[in-house]
Amino acid sequence: MSEVTLTIDSQKVTAEEGISILKAAQGVGIDIPTLCYHEKLAPHGACRLCTVEITKGPQSRLVTACVYTVEEGLKVDTESEPVIRIRRMLLELMLATSPGVKMIQDYATRYGITKTRFDIEPNFCILCGLCVRYCNEVKGKNAIGFVGRGTERQVIFFPDIAAEECPKCGECFSLCPTGVLPSNYALARLPHFTYDNIRL
Ligand code: FES
């Protein structure tokens with residue numbers, strides 16, 4: 001297995017070629033915030049909370065650490081000023097859309113955000129996709145998925161498919177960081193329930 005050497009927060013790190021910056025950082029105890037990452041799933045790059053700054057030669061840019069893979073000689077800053085700025089902005093947005101989510105509140109506290117400037121109608125699903133991806137990638141089922149685009153995007157149980165395919169393993173709601181999935185899932189267990197599009 002080939003290895004590469006890079007620098008993460010001024011620390012020389014040797015990492016297996018092909019792994020993500022996030023995994024390399026975690027391997028040496030550097031904590032990068034994540035919301036949509038799960039080690040059993042392909043990276044999704046949805047929340048962008050894992051943003052870090054990379055420098056190759058004279059150029060620096062921001063990338064998502066869960067998606068971007070390690071490279072020889074790469075310099076990574078996980079808490080640089082531009083990184084903190086973008087995380088703070090993302091957290092303000094998330095606080096507006098999902099004000100009651102503990103994980104977001106905790107990250108907001110970590111980055112000194114106490115209130116949000118954004119006036120957006122709250123929608124407690126943060127579209128991290130953990131439930132959808134776990135159902136698809138790990139369970140091999142399509143009981144739950146995304147529909148719509150942009151501000152209309154949402155997660156639903158697909159009525160007919162879910163009735164047949166949902167294994168009722170409960171993994172999707174145990175992964176949901178907002179806690180909104182369990183109540184809807186509980187509804188799905190009622191005898192008269194037909195899986196008609198539940199908006200999460
Ligand atoms: S954890 Fe990397 S984009 Fe969400």
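How many bridges join strand β6 to strand β7, and in which sense do the two run? This report on a predicted model begins with that pair and then moves on to the sheet, the helix packed on it and the contact between the domains.

Strand β6, made of residues 144-147, is joined to strand β7, residues 154-157, by four bridges, and the two strands run antiparallel.

Together, β6 and β7 make a hairpin, with six residues lying between the strands. In the turn you will find glycine 148, which has a positive phi of about 80°.

## The five-stranded sheet

Now to the sheet. It is open and has five strands, which follow the order β2-β1-β5-β3-β4 with mixed pairing. The edges are taken by β2 (11-16) and β4 (59-64); each has a single partner strand, so one side of each is left without a neighbour in the sheet. On average, and ignoring direction, neighbouring strands here are turned by 35° against each other.

For a closer look at one pairing, take β1, which spans residues 3-8: β1 and β2 pair in the antiparallel sense over six bridges. Within this pair, threonine 7 stands opposite lysine 12 of β2. A helix joins the picture too: α2, residues 81-97, packs on the sheet and touches β3 (51-56), β4 and β5 (75-77). The direction of α2 makes about 155° with that of β3.

## Two domains

The protein chain is divided into domain 1, covering 3-78, and domain 2, covering 130-188. Taken over C-alpha atoms, the centres of domain 1 and domain 2 are separated by 29 Å.

## Where the domains meet

What does the contact between the domains involve? Nine residues of domain 1 are in contact with seven residues of domain 2. The size of an interface is often given as the accessible area lost when the parts come together. Here, domain 1 and domain 2 bury about 720 Å² between them, and 62% of that area is on carbon and sulfur atoms. On the domain 1 side, 57% of the area buried against domain 2 is supplied by His38, Leu41 and His44, more than any other three residues.

And which polar pairs link the two? The count of salt bridges between domain 1 and domain 2 is zero, while three residue pairs, both at pLDDT 80 or more, are in polar contact between domain 1 and domain 2.

Notes:
Residues numbered from 1 in each chain as written. Predicted model: local features only at pLDDT ≥ 70, side-chain atom pairs only at ≥ 80, totals over all residues. Heavy atoms only, no water. Pairing = 2+ DSSP bridges. Axes fitted to C-alpha atoms, helices over the stretch in contact; angles between N-to-C directions. Contact = heavy atoms within 4.5 Å. Domains from an automatic or database assignment. Buried area = accessible area lost by both parts, 1.4 Å probe. Salt bridge = Lys/Arg side-chain N within 4 Å of Asp/Glu carboxyl O. Polar contact = N/O pair within 3.5 Å; in protein donor to acceptor, adjacent residues only side chain to side chain.
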